[in-house]
Amino acid sequence: MEPKVVRGRNRIGSGESAGTDARAEIQRVALDLFIEEGYDKTSLREIADKLGVTKAALYYHFPTKDDIVSSLIERRIEAVDELLDWAATQPRDTATRMKFLERYSVLHNEFAHENVIRFFERNQTLVNTLAAGKHMREQMTRVFEFLADPDEPLAQQLRRTMALFSIHASWFMLRERPGTPEQRRAAALEVAMDLLTTADAKATTDPTD
């Protein structure tokens with residue numbers, strides 16, 4: 001069942017739960033317009049009109065379009081930060097890396113809505129100028145540092161980082177192929193695990209690679 005969002009010309013929702021639903025509804029509607037009309041051509045007025053509320057009601061949640069985009073990035077940052085915090089308490093071994101990739105795959109699937117991916121594809125310059133975008137890039141560096149040991153040969157490091165890229169690439173490479181999102185996620189995770197297993201096997205049998 002879709003979450004109920006209480007609308008009115010002067011407000012979107014009331015209370016903490018309704019406020020959360022309202023933000024999600026704004027994000028959804030704004031993304032639809034950003035994809036259909038382009039980010040630069042979409043105004044806050046158009047977003048408010050699509051929602052059936054006043055601009056003042058929209059400003060309460062998001063004063064600018066950049067704030068809407070940043071909020072999408074920040075939700076993902078929080079989820080990955082929690083995953084990195086968990087990883088910091090675990091032994092840095094094959095089992096932990098595999099569990100990390102499995103959990104990363106799940107959260108990536110949750111946040112990588114098709115319109116989000118399409119928006120990021122088309123607006124890389126914008127995303128890179130936002131503070132949240134910079135934070136996300138720095139966070140990905142931490143993820144790579146966890147997966148790949150800097151003392152390993154470069155080929156080994158590349159195998160481990162490519163395991164992560166396979167999870168991201170599935171949204172681009174398999175998007176038009178037959179299958180459900182869950183099947184695409186499973187295929188990406190299978191490839192990621194294969195790459196990680198190969199990297200660990202090579203590290204054991206040929207440490208100099």
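**Close-up views of a predicted model**

View 1. R184 counts as buried because its relative accessibility is 17%, and the cut-off for buried is under 20%. The model shown here and in the other views is predicted. The helix that holds R184 is α10, residues 181-205. With neighbours within four places in sequence left aside, the contacts of R184 are S170, L174, R175, R177 and G179.

**View 2. Helix α8 against helix α9.** Helix α8 covers residues 131-147 and helix α9 residues 154-173; the two pack with their axes 8 Å apart, at an angle of about 130°. That angle makes α8 oblique to α9. The crossing in which α8 passes α9 is right-handed. On the α8 side the residues are M140, V143, F144 and L147, and they meet R160, T161, L164, F165 and H168 of α9. Sorted by class, this contact of α8 with α9 consists of 6 nonpolar, 2 polar and 1 charged residues.

**View 3. The largest nonpolar core.** This core has 29 residues, and F34, I47, I68, V69, I73 and F119 are those with the most contacts inside it. Two or more residues each come from α1 (15-37), α2 (44-51), α3 (55-61), α4 (65-88), α6 (114-122), α7 (124-129) and α8. Helix α1 contributes the most to the core, 7 residues.

**View 4. I73 and a separate core.** I73 is one of the residues with the most contacts inside the largest nonpolar core. Beyond its neighbours within four places in sequence, I73 is in contact with F120, V127, L130, A132, G133 and M136. Another core, of 21 residues, lies apart from the largest one and includes W86, L101, L107 and V143. V143 is also among the α8 residues that meet α9.

View 5. The relative accessible area of L58 is 0%, so L58 is buried. Neighbours within four places in sequence aside, L58 is in contact with I26, L44, I47, A48 and L51. Of these contacts, I47 is among the residues with the most contacts inside the largest nonpolar core. L44 lies 14 residues from L58 along the chain, and the C-alpha atoms of L44 and L58 are separated by 7.8 Å.

Technical notes:
Residues are numbered from 1 along each chain as its sequence is written. This is a predicted model: local features need pLDDT of at least 70, side-chain atom pairs count only at pLDDT 80 or more; totals for chains, interfaces and linings use all residues. Side-chain values use heavy atoms; hydrogens and water are left out. Axes are lines fitted to C-alpha atoms, for helices over the stretch in contact, and angles run from 0 to 180 degrees between N-to-C directions. Helices (H or I, at least four residues) and strands (E, at least two) are DSSP runs, numbered from the N terminus. Angles under 35 degrees count as roughly parallel, over 145 as roughly antiparallel, 65 to 115 as roughly perpendicular and the rest as oblique. A crossing is left-handed if the near helix is turned anticlockwise from the far one by less than a right angle, and right-handed if clockwise. Contact means heavy atoms within 4.5 Å. Ala, Val, Leu, Ile, Met, Phe, Trp, Tyr, Cys and Pro count as nonpolar, Asp, Glu, Lys and Arg as charged, and the others, Gly among them, as polar. A nonpolar core is a set of buried Ala, Val, Leu, Ile, Met, Phe, Trp, Tyr and Cys residues joined through side-chain atoms within 4.5 Å. Buried means under 20% relative accessible area, exposed over 50%, partly exposed in between (1.4 Å probe, protein chains only).
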